[in-house]
Amino acid sequence: MTSFVKPFIRRKNEPTNALGLVRADYDGAMSTLCAGCGHDAVTATMARAFFELSIEPHKAVKVSGIGCSSKTTAYFLRDSHGINTVHGRMPSVATGAIAANHELAYIGVSGDGDSLSIGLGQFVHAMRRNVNMLYVLENNGVYGLTKGQFSAAADIGSTAKKGAVNELPPIDPVSLALSVGATFVARGFSGDRDQLLPLIKAGLKHKGFGLIDVISPCVSFNDHKGSTKSYAHTYKYYNPAIHADYVPPSEQIKADYAAGEVMPVKLHDGGEIRLRKLENGYDPRDRAAAIGKLFESGQSQEIITGLLYINENDKDMHEMARMEDRPLNQIPYDELNPGAAKLKELQKGFR
Amino acid sequence: MRPTNTRNPDYFHKVVDCQWACPAHTPVPAYIRLIAQGRYSDAYMLNRDSNVFPGILGRVCDRPCEPACRRGRLEEEPVAICRLKRVAADHRGDITDSLPKKPAKTNGKRIALIGAGPASFTVANDLAPLGYECTIFEKLSEPGGLMRSNIPAFRLPEQVLSEELGYILDMGVELKLGHSVDSMDALLEEGWDAVFVGTGAPRGKDLNLPGRWDTKDEDNKDSENIHIGIDWLESVAFEHTKKIGKNVLIIGVGNTAMDCCRTSLRLGAKNVKVMARKPREFFKASVWELEDAEEENIEIIVNHSPKSFVIKDGKLTGMVFELLEYEIDAGGKIISQKVTGETTIPCDDVILAIGQDNAFPWIEETSGIKLDKWQVPEVDEATFESTRKGVFFGGDAAFGPKNIIWAVEHGHQAAISIHKHCQGKMLTGRLPNEVEMAPTKMGMFEWRYSNSYDDAARRKMTHVELTKRFADLDVEVELGFTAEQIATEVERCLNCDIQTVFEASLCEECDACIDICPVECLAMTPDAEDEDQLRASLSASENIEGQALYVSDALPLTGRVMIKDEDVCLHCGLCAERCPTAAWDMKESLIQIHYADEQDGGQKRGLGT
Ligand SMILES: Cc1cc2nc3c(=O)[nH]c(=O)nc-3n(C[C@H](O)[C@H](O)[C@H](O)COP(=O)(O)OP(=O)(O)OC[C@H]3O[C@@H](n4cnc5c(N)ncnc54)[C@H](O)[C@@H]3O)c2cc1C
Ligand SMILES: Cc1ncc(C[n+]2csc(CCOP(=O)(O)OP(=O)(O)O)c2C)c(N)n1
Ligand code: SF4
Ligand code: SF4
Ligand code: SF4
Ligand SMILES: [Mg+2]
């Protein structure tokens with residue numbers, strides 16, 4: 001816990017984005033997490049991504065469940081909409097919110113406990129529906145908030161702080177996402193912002209469900225020797241494989257690149273994602289290849305990170321379900337609520 | 001890149017922008033903290049070590065520290081450093097017991113100091129307590145140099161000046177007033193162990209335009225309506241001149257011009273115009289002096305170049321000016337000028353305030369002291385020795401007109417040289433500066449300084465009402481800070497001497513410090529060949545002021561480096577509060593600058609606050 005606040009200081013000559021806002025305009029309340037927590041680094045990176053994309057804070061929605069990770073929605077975008085749902089229920093609340101207004105930018109923040117145990121069903125179905133949101137899973141291998149019990153993401157053989165050894169196989173959110181239809185699947189590490197920042201930007205701009213599984217060490221309960229989610233272990237086995245840059249429509253002509261080095265993927269907004277550091281022939285648009293790659297790296301202890309899979313062709317929930325395009329709050333009341341007579345008529349059709 | 005060597009005494013010194021910019025390196029944040037604690041006498045004495053005249057300088061210092069102040073990079077206005085110095089002086093108790101004493105015995109070495117300005121007084125201040133017999137020769141009837149004869153009493157009350165000069169005279173310094181030194185050769189024959197020349201730059205520049213010498217009064221002598229600024233101010237200070245005409249033109253727009261125009265108002269002028277050749281952004285006068293003059297309804301007229309004096313029947317009636325127009329480039333430089341017309345402005349008096357020159361008519365070539373064609377002596381910039389061994393220069397006499405605080409610093413350096421000269425030691429074997437680091441941590445989130453950021457704006461000095469200030473020449477205009485103003489202004493100081501100190505081996509690369517930093521001056525990045533590459537990873541790097549980039553040793557986990565842009569750091573200590581491993585710590589840097597008494601085995605003073 002902290003007994004100090006980060007002051008909001010506007011300096012002269014401070015860099016601003018296209019909206020004239022400064023980076024600190026995207027901050028939130030002071031974090032109450034332990035100093036050194038990986039989640040705080042992710043929070044800061046998310047704030048920067050929104051700043052750099054010049055997203056108006058009031059056009060963003062933060063949703064989360066329960067956990068240290070889920071608390072962090074309070075620590076960025078102080079002027080955005082947000083809701084902390086009950087444990088594991090963030091995906092359904094997000095789904096509902098998007099159905100009501102799909103013009104906002106949705107970011108879900110969850111933990112490995114919140115998503116892979118109590119919330120597993122919800123998590124899987126949101127991916128299946130290809131709900132248009134970026135889902136950031138801050139993965140520390142434990143239930144941080146409840147003091148360090150193993151989560152379903154803990155690796156076999158990883159030890160708890162007091163020595164207990166985990167014997168259950170882990171659920172890998174990335175493999176899971178690939179198998180149920182998420183259309184943007186990535187892994188990152190809170191310690192590598194150069195990789196994480198563009199991933200978050202690309203994920204926000206991708207249309208459909210984007211998952212970033214971010215290894216985010218818990219300094220208090222899972223940063224010891226024997227843990228496979230510690231800073232030291234992650235740095236040691238870290239492999240930043242596929243780097244993804246988001247390039248907005250306005251900047252496309254400027255950057256040129258040698259073919260082969262970079263693979264461009266066109267996005268719905270007219271911008272593109274440029275993939276770099278691809279290993280020989282790996283194509284992140286190929287789901288089978290992605291699954292193979294993941295399996296391969298799982299044989300060693302290597303932690304493969306980057307944008308592993310992207311699919312810009314599948315319809316998102318909105319399109320698939322042929323939902324109303326206008327946000328509900330922009331539809332005239334009469335139309336939104338046509339009255340009892342119309343309801344009766346509708347019900348007749350089901351008899 | 002090579003990791004930064006923070007043990008180099010200049011490294012942290014440079015981070016303390018104000019102290020670095022101060023010619024005498026006054027430890028500003030340290031004295032501001034003492035003021036915050038109500039320890040005014042301690043704050044005064046800490047000031048006195050480096051700048052000798054806190055009461056005087058707290059009013060009239062040229063304050064090069066303020067434009068340099070870090071606070072001014074954050075918002076529009078710097079900390080009111082100079083005003084706080086005056087607070088220390090105004091509220092000090094009796095400090096006579098803490099002053100250096102007149103020694104019981106002298107060391108038999110006799111030093112002649114010529115000119116009783118701040119330079120000579122500083123030399124005496126440093127040498128008299130060591131046993132030197134110092135004699136100051138002053139041609140005027142009062143000591144103080146330009147501080148007495150030119151800086152008007154409404155800015156610097158006589159009693160403030162006398163008191164601080166008195167402290168030094170009480171150390172057993174002999175003062176010979178009304179004693180002009182007219183021959184260097186003759187003085188040298190008297191067998192002094194060392195001679196210090198602190199005679200200033202006494203010759204005010206004249207303006208040889210048509211009509212300059214045509215005025216005559218009844219007895220056919222040169223009229224008294226065209227004045228040389230510094231001579232005129234001296235004559236006012238010594239009450240030889242007590243009035244001036246209704247309409248006065250001041251030529252020039254430097255600090256002397258500001259004192260001339262404001263003094264004119266106090267002698268009865270009703271309509272005073274300061275005539276400038278160039279546009280406002282090229283004025284030499286300090287911003288605050290311009291503001292103070294304009295507050296008194298002085299009119300400043302730009303783009304007027306003097307052409308001739310208008311004389312009718314031997315009497316000055318006005319001046320002719322050419323109207324100028326300038327072409328200024330994007331960088332703010334004048335690239336061309338043209339005359340667009342001419343105008344005559346009527347007046348009763350003209351005061352010329354267009355600069356000063358050195359003049360040493362009393363230094364003979366035979367003395368072995370070399371002067372260049374502008375009468376500037378050839379003086380060593382570190383030792384202040386002239387081309388004749390044992391003769392030293394300082395203050396305005398050394399390198400032309402500067403200001404009081406430079407005169408003080410020259411005095412300190414010359415005193416070290418004189419001390420070494422008299423002992424037959426090498427003048428260049430001076431003690432180098434040192435830096436000591438003192439812990440400031442008191443507990444969890446608790447430091448020995450007020451680290452929380454206070455966004456208060458600079459306090460404004462209150463002035464005596466306009467209706468009351470012209471009655472007398474010596475009504476001090478500035479009233480000093482109130483208790484509320486003191487309490488607020490001290491908190492504006494960022495404590496730049498409380499340094500962020502990094503221990504790479506403790507860092508676990510969690511990024512917490514980077515995220516908490518409210519000005520984003522930290523980053524971790526792969527090491528690179530040059531600074532620009534490293535700076536690219538800082539999101540908010542500006543480096544307009546030329547502050548350093550700190551580069552750590554390689555970090556244990558990834559071999560990356562921690563970098564820090566010293567330019568924007570607020571010294572808020574949040575990085576150290578946030579770091580789970582105390583890899584960042586806040587430590588006070590004590591820059592040890594050594595004076596004459598500390599040289600050659602003398603006791604070092606230390607700087608504990
Ligand atoms: C109008 C005016 C306003 C100023 N305002 C400020 C200000 O606000 N702040 C600031 O920092 N600086 C100011 N200055 C500059 C500052 O006063 C000088 O830089 C400073 O006083 C120089 O100190 P000094 O010891 O070198 O010599 P001076 O102060 O010039 O003293 C030299 C002394 O030597 C005496 N002397 C000269 N020749 C002989 C001789 N042959 N024999 C014996 N005695 C001799 C002179 O009478 C004089 O008393 C101002 C200057 C002027 C002209
Ligand atoms: C319904 C319900 N069951 C259990 C809990 C207790 N609980 C709170 S947080 C949490 C796990 C959080 O783990 P994770 O999502 O990984 O977050 P972390 O704190 O590790 O970031 C649990 C089980 C709860 N709050 N609500
Ligand atoms: S903020 Fe304080 S310590 Fe820093 S430069 Fe200004 S006066 Fe000096
Ligand atoms: S003291 Fe630390 S947190 Fe504060 S501005 Fe400086 S580097 Fe940033
Ligand atoms: S907070 Fe401390 S441990 Fe974490 S990165 Fe900064 S210096 Fe290193
Ligand atoms: Mg967790």
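Modeller: Let us begin with burial, where buried means under 20% relative accessible area, exposed over 50% and partly exposed in between (1.4 Å probe, protein chains only). Lys420(B) has a relative accessible area of 1% and is therefore buried. The model is predicted, so local features need pLDDT of at least 70 and side-chain atom pairs pLDDT 80 or more, while totals for chains, interfaces and linings use all residues. Residues are numbered from 1 along each chain as its sequence is written, chains are lettered from A and ligands numbered from 1 in the order written, and side-chain values use heavy atoms, without hydrogens and water.

Biologist: With which residue do the side chains of Lys420(B) meet in a salt bridge?

Modeller: A salt bridge is a side-chain nitrogen of Lys or Arg within 4 Å of a carboxyl oxygen of Asp or Glu. The partner of Lys420(B) is Asp600(B), at 2.9 Å from N to O. This pair links distant parts of the chain, since Lys420(B) belongs to helix α17 (residues 404-422) of chain B and Asp600(B) to the segment after β23 (584-592), 180 residues apart. Helices (H or I, at least four residues) and strands (E, at least two) are DSSP runs, numbered from the N terminus. Elsewhere, salt bridges that share partners join Lys6(A), Arg23(A), Asp27(A), Arg48(A), Glu52(A), Lys201(A) and Glu520(B) into one network.

Biologist: How many salt bridges does a search of the whole structure find?

Modeller: Over all chains, the search finds 62 salt bridges. One of the pairs is Arg155(B) with Asp259(B), whose side chains meet at 2.6 Å from N to O. Arg155(B) sits in the loop between α10 (146-149) and α11 (158-169) of chain B and Asp259(B) in helix α14 (residues 255-266), so the bridge ties together parts that are 104 residues apart in sequence. Arg155(B) and Asp259(B) are both buried.

In another pair, the closest N and O atoms of Arg469(B) and Glu295(B) are 2.4 Å apart. Arg469(B) is in helix α18 (residues 466-469) of chain B and Glu295(B) in helix α15 (residues 287-295), so this pair ties together parts 174 residues apart in sequence. Arg469(B) counts as buried at 1% relative accessibility, whereas Glu295(B) is partly exposed at 32%.

Biologist: Which residues are the protein donors of the magnesium ion (ligand 6)?

Modeller: Donors are N, O and S atoms within 2.8 Å of the metal (3.2 Å for Na, K and Ca), and water is not among the atoms, so sites may look incomplete. For the magnesium ion (ligand 6) they are OD of Asp112(A), OD1 of Asn140(A) and O of Val142(A), lying 2.1 to 2.2 Å from the ion. Along the chain, these donors follow the spacing D-x27-N-x1-V. Asn140(A) is buried, with 3% relative accessible area, and Val142(A) is likewise buried at 4%.
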